[in-house]
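Subject: Structure handover

Hi,

Here is the structure we talked about. Please open it first, then read my notes below.

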Amino acid sequence: MQGLKVENIQSKRIVRPVGLLPLTVKQANQALQHPSGNTFIVDGVDTNIVTLVGMVTGKEENTIDVSFSLDDPTGRIDVKCWLKGAHACEEILSIQDGKYVRIHGRLKGIRGNKS
């Protein structure tokens with residue numbers, strides 16, 4: 001390929017954002033885990049606090065968590081919400097399959113999968 005530029009992310013300066021980093025599901029799925037294991041690198045930005053928008057599918061409620069898939073036009077990612085406190089329970093439990101939601105949370109890598 002002509003004009004292809006390859007950059008080593010290890011040598012690039014990583015910038016830590018203030019607040020949440022808005023991502024598409026594709027960006028979240030393609031994020032590279034930082035060597036420290038605590039954060040992810042997305043487009044040269046070191047982060048683990050993200051916000052995603054998409055449609056809820058496959059919602060499952062348990063006594064300690066609620067899990068579902070979040071779909072947007074770029075892909076699908078698994079979401080797990082831990083039930084902590086009455087306020088969180090009401091909001092999370094009101095989510096229904098087929099509804100669009102905005103979620104804020106930490107991006108985690110578990111067994112090679114992002115959630």
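Start with β3 and β4: they run antiparallel and are joined by three bridges. Strands here are DSSP E runs of at least two residues, helices are H or I runs of at least four, and both are numbered from the N terminus. Two strands count as paired if DSSP finds at least two bridges between them. V42 has V45 in β4 as its bridge partner. The pair belongs to an open, antiparallel sheet of three strands, in the order β2-β3-β4. β2 (32–33) and β4 (45–47) are the edges; each has a single partner strand, so one side of each has no neighbour in the sheet.

Some ground rules. This is a predicted model, with residues numbered from 1 along each chain as its sequence is written. Local features need pLDDT of at least 70 and side-chain atom pairs 80 or more, while totals for chains, interfaces and linings use all residues, and side-chain values use heavy atoms, without hydrogens or water.

**Confidence**

pLDDT is the predictor's confidence in each residue, from 0 to 100. The protein chain averages 75, and 72% of the residues score at least 70. β6 has the highest confidence, at a mean of 91, and strand β10 (residues 113–114) the lowest, at 52. Over residues 1–11 the pLDDT is below 50, and this stretch has five contacts in the model beyond near neighbours in sequence. Contact means heavy atoms within 4.5 Å.

**Overall layout**

The protein chain has two helices and 10 strands. Along the sequence they run β-α-β-β-β-β-β-β-α-β-β-β. Of its 115 residues, 33% count as buried. Buried means under 20% relative accessible area, exposed means over 50%, and partly exposed lies in between (1.4 Å probe, protein chains only). Take contacts between residues at least 6 apart in sequence: 56% of them join residues at least 24 apart.

β5 (49–61) pairs with several strands. With strand β1 (residues 21–22) the sense is parallel, over two bridges. L21 stands opposite V50 there. With β8 (100–106) β5 is antiparallel, over seven bridges. M55 has Y100 as its bridge partner in β8. β5 and β6 are also antiparallel, over five bridges, and form a hairpin with three residues between them.

β6 then carries on to β7 (75–82). A hairpin of two residues joins these strands, and they pair antiparallel over eight bridges. L70 has I77 in β7 as its bridge partner.

**The core**

What sits at the centre of the largest nonpolar core, by contacts inside it? F68, L70 and I77 have the most, in a core of 23 residues. Such a core is a set of buried Ala, Val, Leu, Ile, Met, Phe, Trp, Tyr and Cys residues joined through side-chain atoms within 4.5 Å. α1 (25–30), β3 (40–42), β5, β6, β7 and β8 each supply at least two of its residues.

**Two residues to look at**

T57 is in strand β5 and stands opposite S69 in β6. Leaving aside neighbours within four places in sequence, T57 contacts F68, S69, D71, R76 and D97. T57 and F68 are 11 residues apart in sequence, yet their C-alpha atoms are 5.9 Å apart.

S67 lies in strand β6 (residues 65–72). S67 counts as buried because its relative accessibility is 18%. Beyond four places in sequence, S67 touches G58, K59, E60, V79 and K80.

**Salt bridges**

How many salt bridges are there? The count is three. The rule is a side-chain nitrogen of Lys or Arg within 4 Å of a carboxyl oxygen of Asp or Glu.

- K59 with E61: the closest N and O atoms are 3.0 Å apart. K59 is buried at 18% relative accessibility, whereas E61 is partly exposed at 48%.
- D65 with K80: 3.5 Å, N to O. D65 is buried at 5%; K80 is partly exposed at 44%.
- D71 with R76: 2.7 Å, N to O. D71 is buried, at 14% relative accessible area.

Best wishes
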